[in-house]
Amino acid sequence: MLTGAAVLLGVSAGQAQAAEVAYATKCVPPSGIGLPDVNGTTKVEITAPATAKVGDTVDVVWKFTQAASKNPDIIDLPANSVQPSGTLKAAGAQTADIAMQGPRENPAIPKGGAMTLSDMKGTLKLTAAGQVTLTPDAYVVNALSTDTKCAPTEAVQPAATITVTAGEGSSGSGSGSASPSTSPDPSQSQSQSPSASASGTPGTSPSASESGGGGGRTDFTGKVVDIPYTCQSPIGEKKATSPIQINAKKNGGSYDLTVQFKKSVMDSPIDIPAGKVKPTMQIVLGGADEGSVTVEGPLNSEPIPQNEPIEIPDLTGVYKPGATGESTLSPGVLTIEAMGTTTTCTPDSTAVSLTLDTAEQASGASGGSGSSSSSGGSTSTSGGLAETGSGDHGTLKALGLVAGTAILLGGAVFTFMPRRRAS
């Protein structure tokens, strides 16, 4: 018997029952990895009350006695990095899709080891008298923010049956409602839905545009703009939206720039040591000027614990104007470098955060051949989105463990049955 199974919410239930069913399953690894689909066998034990009444809400437990895939023989999965979710089909006296989900709890899983998945739970409100069968269906294995999707390739036999008797509030309806009994894990922000996003109005509301001319002003505050990105990592593509603000401080004929990220949109799925994450970003120039300016942040000074937000510090650089007139500054290409790997994020669209009245400087951005750098920033004269630098905690989508080393990939670790590559 599974502990806690067959509990009626507010009403006592009949004796809990558990039955196992096995079915052929096809598992599809995350896209962009280039690995083949996996065909295996899933074995599931479903626990539910043997009897209940119409109007009762019953708890159901899905226990994996065997997952259809194993962990690759090239990747170690750390403890508490894997989370299952799935659908249990109710049929007979009523029909319903019961959403099932388990906690992100697992022992460390070595390369090539059997997948150990937590028990999934869900609830079903009973709406009609008669026999209600429960049959396992498709499920998803989320490992460090990327999904492997598994679905039956044959008809699956019911794993449990609830005998439902008429009671007060009985209904002749054959439909049912179902919902997960556990709350989604906070680190799955892009996992069940690969396109994680952030939006909202920050606590401060800077003006939409600031002018840098006249009045002896030296400090200029840009507006917060939400920038949607497509991020390309070594193992796949992800999307994210980040609120970004560009501020400037006049320093002679140049401007010291600071880029701020207003919101973290993901939590770290594993512990990250200090000094391993390096963010940079390109600011795109427009209006009177052209080119781009690189801004960058320091390496993370503190370790980032598992399930804590990944924060990006302020990114800084120097803008040396190459034209006289009204010049605009917009967020551009973002990059996260960690342990020798790079995730590059290109904006799907961008928006002006700051407008400055600039005066042309020798070897400035527009058409110049030189560059000016200070505090880790420089002006690019390419006239486009440079590929050398960007940063955004909103685009960190996942962490992978490759050859036992934590590497920021922007994609995720996947679960599949390893196959030998063709020589």
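This is a dialogue on how to read several features of a predicted model.

Visitor: Where should I start with strand E15, and is it enclosed or open?

Guide: Start with the burial of its residues. In E15, residues 278-287, eight of the 10 residues are buried, so the strand is largely enclosed by the rest of the structure.

Visitor: Which strand is joined to E15, and in which direction do the two run?

Guide: E15 is joined by five bridges to strand E16, residues 292-296, and the two run antiparallel.

Visitor: What should I look at in the hairpin of E15 and E16?

Guide: Look at the residues between the strands, of which there are four, and at Gly 291, which takes a positive phi near 110 degrees.

Visitor: How do I read a positive phi in a residue other than glycine?

Guide: Most residues other than glycine have a negative phi. Asn 80 sits in the loop between E4 and E5 and is partly exposed, at 33% relative accessibility.

Visitor: Where is Ser 363, and what is its phi?

Guide: Ser 363 is in the loop between E20 and strand E21 (373-374). Its phi is positive, near 60 degrees, and it too is a residue other than glycine. At 44% relative accessibility, Ser 363 counts as partly exposed.

Visitor: How many salt bridges does the structure hold, and what is the general idea behind them?

Guide: Side chains of opposite charge can pair when their charged atoms come close. The structure holds seven salt bridges. One of them is between the side chains of Asp 76 and Lys 111, with N to O at 2.7 Å. That pair links distant parts of the chain, 35 residues apart: Asp 76 is in the loop between strand E4 (57-66) and strand E5 (82-92), and Lys 111 is in the loop between strand E6 (96-101) and strand E7 (120-125).

Visitor: Which residue forms a salt bridge with Asp 97?

Guide: Lys 89 does, and the closest N and O atoms of the two are 2.9 Å apart. Asp 97 is partly exposed, with a relative accessible area of 46%. Lys 89 is also partly exposed, at 32%.

Visitor: What about Asp 348 and Lys 239?

Guide: Their side chains meet in a salt bridge, N to O at 3.6 Å. The pair links distant parts of the chain, 109 residues apart, with Asp 348 in the loop between strand E19 (341-347) and strand E20 (354-358) and Lys 239 in strand E13. Asp 348 is partly exposed at 45% relative accessibility, and Lys 239 is partly exposed at 35%.

Visitor: How do I read separation along the chain against separation in space?

Guide: Pro 29 and Lys 149 are 120 residues apart along the chain, while their C-alpha atoms are separated by 6.8 Å. Pro 29 is in the loop between strand E1 (16-28) and strand E2 (38-49) and is buried, with a relative accessible area of 9%. A further case is Leu 257 and Ile 283, which are 26 residues apart in sequence and 9.6 Å apart in space, C-alpha to C-alpha. Leu 257 lies in strand E14, residues 254-261, and counts as buried at 1% relative accessibility.

Visitor: How much space lies in the second largest pocket, and which residues are closest to its centre?

Guide: Read volume, then lining. About 180 Å³ of space lies in the second largest pocket. It is lined by 14 residues, and the closest to its centre are Asn 300, Ser 301, Glu 302, Ile 304 and Glu 311. By kind, the lining divides into 10 nonpolar, two polar and two charged residues.

Definitions and conventions. Residues are numbered from 1 along each chain as its sequence is written. This is a predicted model: local features need pLDDT of at least 70, side-chain atom pairs count only at pLDDT 80 or more; totals for chains, interfaces and linings use all residues. Side-chain values use heavy atoms; hydrogens and water are left out. Buried means under 20% relative accessible area, exposed over 50%, partly exposed in between (1.4 Å probe, protein chains only). Two strands pair if DSSP finds at least two bridges between them. On a 1 Å grid over the protein atoms alone, a cavity is a set of points where a 1.4 Å probe fits but cannot get out, and a pocket is an open set with protein on both sides within 12 Å along at least five of seven lines; lining residues have an atom within 4 Å of a point. Grid points are joined across faces, edges and corners, and a volume is the space filled by probe spheres set on the points. Ala, Val, Leu, Ile, Met, Phe, Trp, Tyr, Cys and Pro count as nonpolar, Asp, Glu, Lys and Arg as charged, and the others, Gly among them, as polar. A salt bridge is a side-chain nitrogen of Lys or Arg within 4 Å of a carboxyl oxygen of Asp or Glu.
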